[in-house]
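Notebook open, model loaded. I'm jotting things down in the order I looked them up.

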There are 2 protein chains.
Amino acid sequence: MTPDQRRIQPRKQPRQVRAELTRQRILTAAAHVFGDHGYAAGTTNRIAERAGISIGSLYQYFPNKDAILAELLVRHLDDGAAIAERVQREELPGPIEEIFRLFVRGAIESHLDEPRLLRVLLEQAPKSTDVLERVELLKKNLVAYMRELLDEHPEVRVADTETAARLIVTTVELVIHQLVADHEPVELGKLEDELVAMLTRYVRG
Amino acid sequence: MTPDQRRIQPRKQPRQVRAELTRQRILTAAAHVFGDHGYAAGTTNRIAERAGISIGSLYQYFPNKDAILAELLVRHLDDGAAIAERVQREELPGPIEEIFRLFVRGAIESHLDEPRLLRVLLEQAPKSTDVLERVELLKKNLVAYMRELLDEHPEVRVADTETAARLIVTTVELVIHQLVADHEPVELGKLEDELVAMLTRYVRG
DNA sequence: GTCTATAGATAGATAGAC
DNA sequence: GTCTATCTATCTATAGAC
């Protein structure tokens with residue numbers, strides 16, 4: 001950026017900030033539209049309309065429809081990774097039940113915002129190889145971490161920790177995707193309790 | 001049908017049989033096409049091509065694309081219901097672990113044929129209210145039956161059997177959808193064992 | 001920078017010949 | 001009954017005015 005450009009716009013709301021705001025408006029609108037209508041019926045026209053801009057403007061911020069989807073998914077994955085990291089730092093100690101509870105609760109939290117959107121993202125959206133790789137990598141990391149945890153924790157008595165880790169990660173992911181989308185928050189507490197109980201009793205043998 | 005009509009076509013391959021055969025050809029082709037390409041890219045043209053008929057003929061047998069999807073899904077649901085009934089007749093006696101094994105194995109069996117198709121049917125296909133109601137009803141029945149089973153079985157020590165039944169049915173359904181599609185048959189045995197173990201230890205407290 | 005208008009592509013579905 | 005040819009609708013994406 002040259003000094004000239006800085007002098008031209010000395011007011012508030014410099015270009016980049018305003019542009020970033022519009023980007024966010026589009027992403028938020030897209031999240032609602034995809035969540036409400038699904039992938040195919042979540043048209044770029046609808047997104048632009050909901051964002052309060054024209055279709056032409058939308059294409060100034062994103063090269064195509066799938067780029068919007070990809071950004072929404074990456075955003076969610078980053079959330080998930082952040083939560084996973086947080087959990088991994090916090091809870092080396094404690095009973096296995098508490099560890100599972102942190103894990104499950106983190107997963108629930110990261111799905112509370114837009115549960116219907118997430119099902120669209122993960123189930124319907126055509127994923128680019130790039131995004132697919134990210135998903136696979138994140139899941140692989142989770143499984144590896146879970147296996148390590150099972151191997152090291154004294155309470156755990158399951159034999160095949162690799163299979164167990166995959167089963168646990170898959171179960172938590174899938175059950176939460178479905179249950180968060182279908183149930184009221186008041187019931188989520190109970191489901192969390194039962195899911196944690198199921199996993200705990202499983203690994204204790 | 002009048003006597004005249006009977007006399008006009010005395011050969012083999014009466015109309016209805018041949019028509020039913022064509023219907024089945026279309027459904028089989030559609031199963032492959034949807035499984036391979038997904039919902040959106042599973043076009044009626046591709047289905048007709050794979051079935052070896054023209055697009056016009058296809059529309060003589062089905063009113064629209066979604067009717068084909070719906071019939072495939074209903075067919076699968078009927079399979080599932082049949083298996084559930086079979087299990088319900090067989091296994092009042094025996095340890096809870098064996099009951100879960102029948103349940104899980106039945107679920108796996110009914111997904112072995114066309115796992116990728118099933119994911120498309122259940123995740124991507126826009127479901128009509130009619131089909132949605134059928135799915136809900138089947139699931140409700142399964143949950144009710146599972147709850148009854150938990151309530152009556154002496155080994156079961158879980159408190160909230162309603163929530164537990166829903167968690168179990170959801171877990172089996174989702175985990176199997178995903179795992180059958182993703183894994184080789186050789187691994188399915190291990191996953192079955194672990195899933196059964198998880199459920200058994202869960203309800204035993 | 002934002003808009004309107006529209007190009008370009010492809011889908012589902014139908015008409016009408018044979 | 002089956003086909004080809006085509007209609008209609010709808011979507012993504014772009015061009016060009018302001």
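I began with the surface near DNA strand D: by class, it has four nonpolar, eight polar and three charged residues. My classes: Ala, Val, Leu, Ile, Met, Phe, Trp, Tyr, Cys and Pro are nonpolar, Asp, Glu, Lys and Arg are charged, and the others, Gly among them, are polar.

Ground rules before I go on. This is a predicted model, where local features need pLDDT of at least 70 and side-chain atom pairs count only at pLDDT 80 or more, while totals for chains, interfaces and linings use all residues. Residues are numbered from 1 along each chain as its sequence is written, chains are lettered from A and ligands numbered from 1 in the order in which they are written, and side-chain values use heavy atoms, with hydrogens and water left out.

**DNA strand D**

I found 15 residues around DNA strand D, with A:Tyr59, B:Arg15, B:Ser54, B:Ser57 and B:Tyr61 the closest; "near" takes a heavy atom within 4 Å.

A side-chain N or O atom of A:Tyr59 is 2.7 Å from one, and for B:Tyr61 the distance is 2.9 Å. A:Thr44 also has a polar side-chain atom 2.9 Å from a phosphate oxygen.

Which elements give two or more residues to this surface? Helix 3 (44-51) of chain A does, and so do helix 2 (15-41) and helix 4 (55-61) of chain B. Helix 4 of chain B has the largest share, five residues. Helices here are DSSP runs (H or I, at least four residues), and strands are E runs of at least two, numbered from the N terminus.

**Chain A against chain B**

I then turned to the protein contact (heavy atoms within 4.5 Å). Chain A puts in 27 residues and chain B 27 residues. About 2600 Å² is buried between them, 63% of it from carbon and sulfur atoms; that is accessible area (1.4 Å probe) lost on putting the two parts together, summed over both.

I counted four salt bridges between the chains, meaning a Lys or Arg side-chain nitrogen within 4 Å of an Asp or Glu carboxyl oxygen. One that I checked pairs B:Asp160 with A:Lys190, closest N and O atoms 3.5 Å apart. On chain A's side, helix 7 (115-124), helix 9 (161-182) and helix 10 (185-204) each supply at least two residues. That side divides into 12 nonpolar, seven polar and eight charged residues.

**Chain A overall**

Last entry: chain A has 10 helices and zero strands. Its C-alpha atoms fill a box of roughly 65 × 40 × 35 Å along the principal axes.

Conventions. A polar contact is a pair of N or O atoms within 3.5 Å; within protein, one must be able to donate a hydrogen and the other to accept it, and residues adjacent in sequence count only if both atoms are side-chain atoms.
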